[in-house]
Amino acid sequence: MHVGQKATVTLDAFADKTFVGTVTSVDTIGTTSSGVVTYNVYISLVEPPATIQPGMTASVIIQTNRKEDVLQVPTSAIQTTNGTPTVRVLKNGQVTAVPVETGITSDSTTEITSGLSEGDTVVTSIVSQTSATGGSTGSSPFSGLGGGRGFGGGGGVVFRRGQ
């Protein structure tokens, strides 16, 4: 973390409000507890309410990196084949592993810097169909394929430029 990074703060006492702030200072000496080192980070809120009191419980998200207009996929869609990151893509009715280069990663999505194009259909899972007697009837890469910007639990996504 660095001074000047943007932060989003929520306080338990203000359940439905989010506050915006900036990192103003980061301690250089950490505190160790149960083998984990933590560092105090100080944030200045842009418009703090007068009713904020010392000791209130807060949750903070600090934006450490941001890129605009990037191609992104669900992090779970990235696999490693022989040490190379790949993504399964549906092309001409066939699922193909495509080598990719990755950029920044969040907890749920990863930037793709090369290997895919906007509009590619990324396969995130393949669902096997089972007959009533329990026997497999094959698998279909089309099962659950969805489109859009969201990266929910569907079988795939249409690759779009994200925010």
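Trainee: In the hairpin of E8 and E9, which residue takes a positive phi near 50 degrees?
Mentor: Residues are numbered from 1 along each chain as its sequence is written. The model is predicted, so local features need pLDDT of at least 70 and side-chain atom pairs pLDDT 80 or more, while totals for chains, interfaces and linings use all residues, and side-chain values use heavy atoms, without hydrogens or water. Strands here are DSSP runs of E, at least two residues long, numbered from the N terminus. Two residues lie between E8 and E9, and the positive phi belongs to Asn82.

Trainee: How many bridges pair strand E8 with strand E9?
Mentor: Two strands pair if DSSP finds at least two bridges between them. E8 covers residues 78–81 and E9 covers residues 84–91. Gln79 stands opposite Thr86 in E9. The sense is antiparallel, and the number of bridges is four.

Trainee: Which residue takes a positive phi in the hairpin of E9 and E10?
Mentor: E10 spans residues 94–99 and runs antiparallel to E9, with six bridges joining them. Two residues lie between these strands. The phi is near 55 degrees, and the residue is Asn92.

Trainee: In E13, what is the bridge partner of Leu90?
Mentor: Leu90 also stands opposite Val95 in E10. E9 pairs with E13 (residues 121–123) in the antiparallel sense over two bridges. In E13, the partner of Leu90 is Thr121.

Trainee: How many residues does the largest nonpolar core have?
Mentor: Such a core is a set of buried Ala, Val, Leu, Ile, Met, Phe, Trp, Tyr and Cys residues joined through side-chain atoms within 4.5 Å. Buried means under 20% relative accessible area, with a 1.4 Å probe and protein chains only. Val87, Val89, Val98 and Leu116 are among the members. Val98 touches Val87, Val89 and Leu116, among others (contact: heavy atoms within 4.5 Å), and the core's count is nine.

Trainee: What angle lies between the planes of Phe14 and Phe19?
Mentor: The structure holds one aromatic pair. Phe14 and Phe19 form it, edge-to-face, at 5.8 Å centre to centre. Rings of Phe, Tyr and Trp (its six-membered ring) pair with centres within 6.5 Å; planes under 30 degrees apart are stacked, over 60 edge-to-face, the rest tilted. Both Phe14 and Phe19 are buried, and their planes stand apart by 85 degrees.

Terms used
Buried < 20%, exposed > 50% of the residue type's maximum accessible area, 1.4 Å probe, protein only. Lists of a residue's contacts leave out its neighbours within four places in sequence.
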